[in-house]
Amino acid sequence: MKNAVWYVMLTLLFFFSCAPMNRTIGMRQVYQYPEIKNNTKPLLPDLTKILSVPLQSFTVDTHSDTILYGIEGTILFINPVCLNFSSGVPQKKITVELKELYTKAALLKERAYTISNGRMLESDGSIYVHAYAENGEAIEITCENALRIRLPREVQENMIYFQGKRNDKGNMNWEVDGSIAPIYEETGYDFVAEEDEPIEISQTEAVLHTYFFSIQKFGWINCDRFYDDMRTKTDFIATFRLPVSEKKVVQVHNYIVFDSLMSIIPLENDLSGQWVCPNLPIGAAVTCISIQKTDTHLYYGSKKTRVGDRESSIIPLNEIKEADLIKLLDLSL
């Protein structure tokens, strides 16, 4: 009897194992969730990165004197013998970095405001020069002619060399720096023949047509002069209007750009919430510019006006793309 039962079970097992399986038995339909598209706009970088003037980088061999040419015409003459490495061990190569600011747009982008301890300046060009060793260590200048610089600008009267430092807001302030020494070029010697012997009759310094100087430390350098306007002064007050829907501005750069001068001055937010630029000459033609940023949107507004015309100091802002902003600044300033 037991054998019969086992025989029936084996037969049934063989039958089901050989029969084709119905693949729908025991299966359930799985719900397919729709693909979620990420419509979130990417976060915008800091305004400093958006507006920054491109940094030029050069690799220099320390075994020979080198001349570097900036894309805007700056010329650097480097004598590596006069460079000291922080480790005390000479390196075979160094990296030299350069920024050139020869337009109002470039000064504005870098917030290289034309101010020296509250006094207004008129600029004739600014540059940034820095150097470091191949392994990243710092470099110091140890002699007078280690780094000579020629700016591609015609010499103007009363120009002074300044060194620039940024404050805690990132805005530039310029200090007169006596360590920046002008370099003069000799015309050479003139000779007359007397008894078949040349006799020196004159030696003079050439009149410089471009700024040529040496520096004792790296950093921001400019050639500016103090601007003194005898007109009555007043505070310029501006109001900037964003679209009604925008309430989350995280970064603001506001500027006064003089139409007839190479001068850029910031507007500061006072305790009452107004944007103010103090002590400007009444009647001066200026352009008031605002660049504001949220996490995902960029806004721009500008208006040409005159200092003292309070009715024209309301500036609406409109959304703008990063690339369009850069083009607009380069074309309009």
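How much space lies in the largest pocket? In this predicted model, the largest pocket holds about 440 Å³ of space. The second largest pocket holds about 300 Å³.

| Pocket | Space | Lining residues | Lining by class |
|---|---|---|---|
| Largest pocket | about 440 Å³ | 22 residues | 12 nonpolar, five polar, five charged |
| Second largest pocket | about 300 Å³ | 16 residues | nine nonpolar, three polar, four charged |

**The largest pocket**

Among the 22 residues that line the largest pocket, I115, G118, R119, M120 and P278 lie nearest its centre. Four strands each contribute at least two residues to this lining: β7 (119-133), β11 (172-176), β19 (264-266) and β21 (275-281). Of the elements, β21 gives the most, supplying six residues to the lining of the largest pocket. By class, the lining of the largest pocket comprises 12 nonpolar, five polar and five charged residues.

**The second largest pocket**

The lining of the second largest pocket is made up of 16 residues, and those nearest the centre are V53, E72, E100, A106 and K109. The classes in the lining of the second largest pocket are nine nonpolar, three polar and four charged residues.

Key
Residues are numbered from 1 along each chain as its sequence is written. This is a predicted model: local features need pLDDT of at least 70, side-chain atom pairs count only at pLDDT 80 or more; totals for chains, interfaces and linings use all residues. Side-chain values use heavy atoms; hydrogens and water are left out. On a 1 Å grid over the protein atoms alone, a cavity is a set of points where a 1.4 Å probe fits but cannot get out, and a pocket is an open set with protein on both sides within 12 Å along at least five of seven lines; lining residues have an atom within 4 Å of a point. Grid points are joined across faces, edges and corners, and a volume is the space filled by probe spheres set on the points. Ala, Val, Leu, Ile, Met, Phe, Trp, Tyr, Cys and Pro count as nonpolar, Asp, Glu, Lys and Arg as charged, and the others, Gly among them, as polar.
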